Structure formats: structure tokens, C-alpha cells
Protein chains: 2
Amino acid sequence: MLDLVVMKFGGSSVANTEKIINVATRVTDKSKKYRVVVVVSAPGDMTDDLIDKAKSINESPDPREMDMLLATGEMQSIALLSMAIKSKGFNAISLTGPQAGIYADSVHTKAKIKKIRPKKIVTELQKGKIVIVAGFQGLNPNDDIATLGRGGSDLTAVALAAALKAKECEIYTDVNGVYTTDPRLIPEAKRLDKISYDEMLELAGVGSQVMMSRSIEVAKKYNVDIHVRSTFSDANGTIITKEVPKMEDVVVSGVAYDKNEAKLSVTDIPDKPGIAAKIFGALSKKNINVDMIIQSAAREKYNDISFTVSKNDLKNATSILKQISRTLNAGPVIYDENVAKISIVGIGMRSHSGVAAKMFKILANEGINIQMISTSEIKISCIISNKDTNRAVRILHKQFGLG
Amino acid sequence: MLDLVVMKFGGSSVANTEKIINVATRVTDKSKKYRVVVVVSAPGDMTDDLIDKAKSINESPDPREMDMLLATGEMQSIALLSMAIKSKGFNAISLTGPQAGIYADSVHTKAKIKKIRPKKIVTELQKGKIVIVAGFQGLNPNDDIATLGRGGSDLTAVALAAALKAKECEIYTDVNGVYTTDPRLIPEAKRLDKISYDEMLELAGVGSQVMMSRSIEVAKKYNVDIHVRSTFSDANGTIITKEVPKMEDVVVSGVAYDKNEAKLSVTDIPDKPGIAAKIFGALSKKNINVDMIIQSAAREKYNDISFTVSKNDLKNATSILKQISRTLNAGPVIYDENVAKISIVGIGMRSHSGVAAKMFKILANEGINIQMISTSEIKISCIISNKDTNRAVRILHKQFGLG
């Protein structure tokens, strides 16, 4: 029996007739050597357009109805792609998420996959068909369609690859792999042949747009090799895989940046127990995710607490903090939107000491001021002024030998 | 328990946000006095647009995939209408055809409804919800979505009204009922308060655009009262219902016309058995429907056979007939596109003799030549020259006392 490959194409790859036919060609070429399951997203901007339409009717649309609406995008993609493959003389069948046996929990618009029963997929593969599955959707315990939220189509692909024990999960995208840093910013950026799940997870967490953490987590758990590659070229991309010993020779494998965060501080907080819990509890209640947190050492019984949030959440977070500040008798709430988070990631850090010190020194030599720092086992992130971003990425990329 | 009403809205009623909100108002007003099940079509031109898109990818798209594609139109309508109803503070839930328990046969793109198991609808009604069902679709024996073909949403509505023993099935449309003839043509046309299933069936068969025969047949079988009325007004429309005695006082209840037919003749056919079977068998094989048929009396062992087909089929039919004419040693095939079918319908004809004669005399007095005639128990149709259509409709409408 031929090996199985899962191929996933995003919305920009199926945005119009010409592009759908191009995807059909890639799929049928692949099917000459492999059994193929394809996962597709909704065409182009359709999901955004449907969300706009819903909001024009109801400012906070019912999540179940939102999922009924949004699921139509992927259904259109799978039907059209199946038609395109058939017109090339190959046999194909489209399956919705529920038909494909993808079972989700009941949290509409951001459901998690609970289990996969790919019986129908297996049956159709056995008939020699190319199976095309709608990404981003599953059946929930109420027999309703639920969508999987951001990165949902990648998740569908990785989860199917795990359930079907695929040789590889190919993620087709408009870049041809994972780079040492953003190639639009730094022309010397190099494509990585391989990267470990852990490094990719850290990169996803610090602004790399290639894949969301949730898909990589599933790939890591089930040991699925992900191949990130270009929709428009046959060249190999980057394999995201489990850690291999020789990887550790490379200290740092990537530099990432994220301009989508804003810094907030509550100043002059009386130093009493439970203050941090109060602040972050209130933000969490409003579903505002907090990233880096720094609490300054107490000086004369007063603290400052600073942290970063997504720029979208800044307005809400500020108004919540102002209320809390009043009830705590604390000082003014200040914020800064003109910041960027810059990060270096690499599993080599584990065995190489002094990486953080080297990063700080490189930035200092460039006269770039570090406002906040956070570290993990294989990642170091700094908040700097937005205007220094490009310069910082360029110099770190060069000094860590990635060019 | 409140009576149940099924309300059906076509695609033009849900073509944009403003119209969807208008429909939501009609539905919520109704729900103050009735339990309500709503059936909707795909928004505006969406179905046609999707068909065009499919054909740009594959000239003869796979019917199963076509249904996967087309079903998304109604799914968008039900989700958006449900959101609109909820934003007015009412409780609602949208259901796809499969979720609503509509089971179809396996003929994709023109499936028939096999049975309805409305358990989920009943449960949601019991919770006090307005239930919104996607028209035009059901689940087939392969667990695939199948669409019901032309007039499918009306059929969904009537079948649900039968299964749920609804008090009435309301068909909302852009006219406010069934008229004695086309009011765009004859301003004196009158709206009928009531019309029988049989009369409506005949009208549907002779060019009236209000409803397709298949829905009326189901309504007749299960004795469902259909109320055809305007989306944009509260005025009563026309009730399509079972025959009531006093209806018979009216001899003729409507005059209809159809400019979409063309006349074809095969001339000088040697008079042998099996000729008609050969001609109409060949047309049927190519799915060409034939309407009126006239075989002239044999003169010197030669026959002419004339009949009408839809104008769309004229080209195909002509080329088939030319081949057959050659193999039969018959004469030339002639056709005429400039014809119209004009019909009078009324259950009163059954008990009133001379109706046909009166129709022919009225036309003759106007100098309108009759080219073909066909009759049923409650209908008389004539083929006349296209240019005489308006004059014929006007004079028949007047002389049969419908003005």
C-alpha cells in the first residue's frame, strides 16, 4: 500500500478558479506516488466577509449560528476542489468535517478537536479516491457544526495526519518554509531545513506567522512530521520534527519580532498580598491575554506592575486597570503602543550558557534600550522601542551567525 | 398549545441585510400568535453564482459535489436569519435540511423527499424557539447532502407543514397572491381569494410562475392549505386549498400564457406503426420534455407530427429530428419560435359544457388563428402566434368575466 500524505492548502491558495486548478494539479501529481488526503480552508477573504455580514445583522452574533455560517466557506472550497480534480480525470470526494469523523467539543467558534473517527476517509481511500476534507470544522456533542478557531485548518490537517498515521503533513503556504527571521525584513534570512517542535512552538508564541502553537503541540504529541512549503514551487520547505542530536550544535535558530503588543503599567500600588491576582483575574475575566509581566521590587511599600497585551485589547485593558487602580488607591495607569517584542529561539541555549548575556550586549552596543525581558528554556524575549525593531532584528540575526 | 404555521421566504426576500431584517420582523410578529417554522432559500443570486463558478472549473460538475456546493447558500440564509431574529430579543435556532430530519433519495441535484422525521424541530419548538430550516436540501441514503431541484424550497415548506400538521403553509413572494391572469399584462386582473389544488396544478403546468407543480401535489396529497402572499405587505393573499362546492360556480378561474415554447413539425412521415414511439423515445433519451402533440390525420399514407418543446431545447430537438427524418424517409423538419401557449383553467369546466367552444369563438372573433389545441378536464390550451398573446389574454380574461 502506498504511503499516505496529508496536504493542507490555505484560503489564499483556493481564492479563485485559476488557483483551485493549480492546487488540483499539485494534488493529482502527489497522488501518483501517495494516497492523498487534502485539507482546505475557505476561499480567500470569505470568512472575513461572512463575519462582517453577520455583524451587520447582529453586533454579537450567536456563536452556534456563526459556526453554521462560517462552515459554508470550507464546504465551498472542498466541493470546487473536488470538481477540479475530477476534471483532470482523477477520482475524488469531498467530506465536511462531520462527515470526515472529526468530533469537537461544544465551544462554538473556538472548539477543540476531541477525537477523530476516520472510517469514512479510510473507506474512500480504499476505493482509490483522493479525499478532500473541510478544514476548521467538526461535529460537536449536540450534532451541530462547530468551528475550530484561528489556525483551525492547520489543526485539522495535523490531527488527521496523526489519526491516519500519515508519512507527513504538508502545509502549503505563500512562503516556502520557516526562516531564521522575517525575509521581508532581512534579505539574508535563511530557510531552515529542519526545526524542532519546541523551537517552532516558541517562534509561534513570539510573532512568527507560519503556524499557530496548537497545531504544533498536536504534531509534537503524536510525532507528526510537518512539512511547511510553498504552494507555488516544488522546492523543499522546512520540516518541523522531533529534536535530533545534531540540532543542538546550532545555538540560536531564529529571530522573531512582534509589533502587535502594547505595554501597560499600573504605578504606585500599595504593597499588599493579592494585588497581582486581582489585576490579572479582572483581565482574564474579560478574556484579555497577558504576555510578559514584570513586577518591580518594592520601594517604600509601593510597587509598579508592567505587562504586555495585544494591541486589540489595549483599550479594554486600560479601562479595567483604571477602575482597579482607583479601588487599590494606586497611581496612574500608563501605556505605550510604540513597542515591539524581539525574541531569539533555539534549543542550543539549553547547553550553551551566556546566550542571554550575549543578546543584551549586542543590543546595548547598538544603543537599543531594553524595557522588559522574559525568558524560557529555549527563548529570550525583550520589549524594545518600536522604531528600533528592524535594526535589532538585523544585528541579532547577523551576530548569532544566522545570515 | 398555539397553532403552528410554516413560513417560506424565497431568495429575493433574504438578498441583503435590510431584507433579512424585514423577514425577521415578519417572523417575530407571527410568533406572537403561532408557533413558527421558517423555511428559507439561498440569498439572491447566490445559487446561480455558485453554479457559474462550478462550471468555470468543470464543464459537467459532479452532482454530489454540486450539492455540497449549493447547500451552502441556504445554510448562510438560515444562520443570518437566526441572528437577525435573536437581535430582536426572540429565541431561534437554524437547522440544515439533514438536521431538520429531511430525508431524500439519492438523485443528486434533483432529489425527492422520501420522509421527514421532525423530532429535532419538535424539540426546539417545545423549548419556545422559532425554528429556521434550510430549504432545498435533505440527507440522502449515503449520508450526503442532496438538493431538491427547482422549487425545492417550496417543497421543503409544504412537506414540513404536512409532517408537523401545520395550520397553514405561507409562501411569501414578490406578488401578493394568485391572479386571474398576469397583472403585469392585464391591469384588470384580479387576485383570487381561493383556488383549488387542481386548478393551481394546471396553472403551474401552463406558465404560471407562482409555484411549481411538485409542491402543490404534496399539498393536495396531505391536504395542506398554502397561503401565497406578499413579503412586503400584510394583506391576505390566495389560499390554495381543496375544492369547495361553491368554487364550481366560477367556470374559469384563470388565464395563463407561456412564451417559452417552440413548435416543431416533422412533415410527410410514411404512415407506419411505431413512428411516434421512435420520435418521442429519441427526444426523451436526451431529456427533452415534449408538451402538446398533434398528429395530423393520414393523407395519402403520409403524416405530419407537430409538438412543442421548451425554447431551450429547440436546437437539440431539431438536430435529433433531422436525423430521424432521414432514417424514416420523411420530409423537412420545420420549427417556429414565434408562438405562445395560452390557457384557461377552471374546475367549473367539468360541469359547464361549451367552454372550449366559447374559447375558440372568442379567439376567432378577434381574428386570432389557433395552431394547436390540447385539453384536460379543467384546462384548455391553444398555441397561437406570439404577437397575438397580449390581445388573446386580454379578451379571454374579459369575456370569461374575470375582470
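**Stop 1: two domains of chain A**

Select domain 2 and domain 3 of chain A: their C-alpha centres lie 25 Å apart. Chain A as a whole is divided into domain 1 (4–173), domain 2 (261–336) and domain 3 (339–399), with bounds that come from an automatic or database domain assignment. This is a predicted model, in which local features need pLDDT of at least 70, side-chain atom pairs count only at pLDDT 80 or more, and totals for chains, interfaces and linings use all residues. Residues are numbered from 1 along each chain as its sequence is written, while chains are lettered from A and ligands numbered from 1 in the order in which they are written.

Domain 2 of chain A brings 8 residues to the contact and domain 3 of chain A brings 7; two residues are in contact if their C-beta atoms, placed from the backbone, lie within 7 Å. On the domain 2 side, β14 (261–270), β15 (290–295) and β16 (302–310) of chain A each give two or more residues. Helices (H or I, at least four residues) and strands (E, at least two) are DSSP runs, numbered from the N terminus. The largest share of that side, 3 residues, comes from β14(A).

**Stop 2: the sheet in chain A**

Together they form an open sheet of 4 strands in the order β15-β16-β14-β17, with antiparallel pairing; two strands pair if DSSP finds at least two bridges between them. Which strands are at the edges? They are β15 and β17 of chain A, each pairing on one side only. The twist averages 20° from one strand to the next.

Zoom in on β15(A) and β16(A), which are joined by 4 bridges. Here A:Gln295 stands opposite A:Ile305 in β16(A). Next, show helix α8 (residues 275–285) of chain A, which packs on the sheet and touches β14, β15 and β16 of chain A, its direction making about 160° with that of β15(A). Then show α9(A), which also packs on the sheet and touches β14, β16 and β17 of chain A; its direction makes about 0° with that of β14(A). Axes here are lines fitted to C-alpha atoms, for helices over the stretch in contact, and angles run from 0 to 180 degrees between N-to-C directions.

**Stop 3**

Phi of A:Asn329 is near 60°, a positive value in a residue other than glycine. Is A:Asn329 buried or exposed? With 9 C-beta neighbours inside 10 Å, A:Asn329 counts as exposed. The scale is: buried if 20 or more other C-beta atoms lie within 10 Å of a residue's own, exposed if 12 or fewer, and partly exposed in between, with C-beta atoms placed from the backbone.

Now jump to A:Lys165, in the loop between α5 (152–163) and β9 (168–173) of chain A. Phi of A:Lys165 is near 50°, a positive value in a residue other than glycine.

**Stop 4: chain B meets chain A**

Finally, show both chains. 27 residues of chain B are in contact with 27 residues of chain A. On the chain B side, α3(B) gives the most, with 14 residues.

How are the copies related? A rotation of 179° with 0.2 Å of shift along its axis superposes chain B on chain A (RMSD 0.2 Å), by least squares on the C-alpha atoms of residues with pLDDT of at least 70 in both. That is the relation of a two-fold axis. To find the axis, select B:Thr72, whose C-alpha is the nearest to it in chain B, at 2.4 Å.
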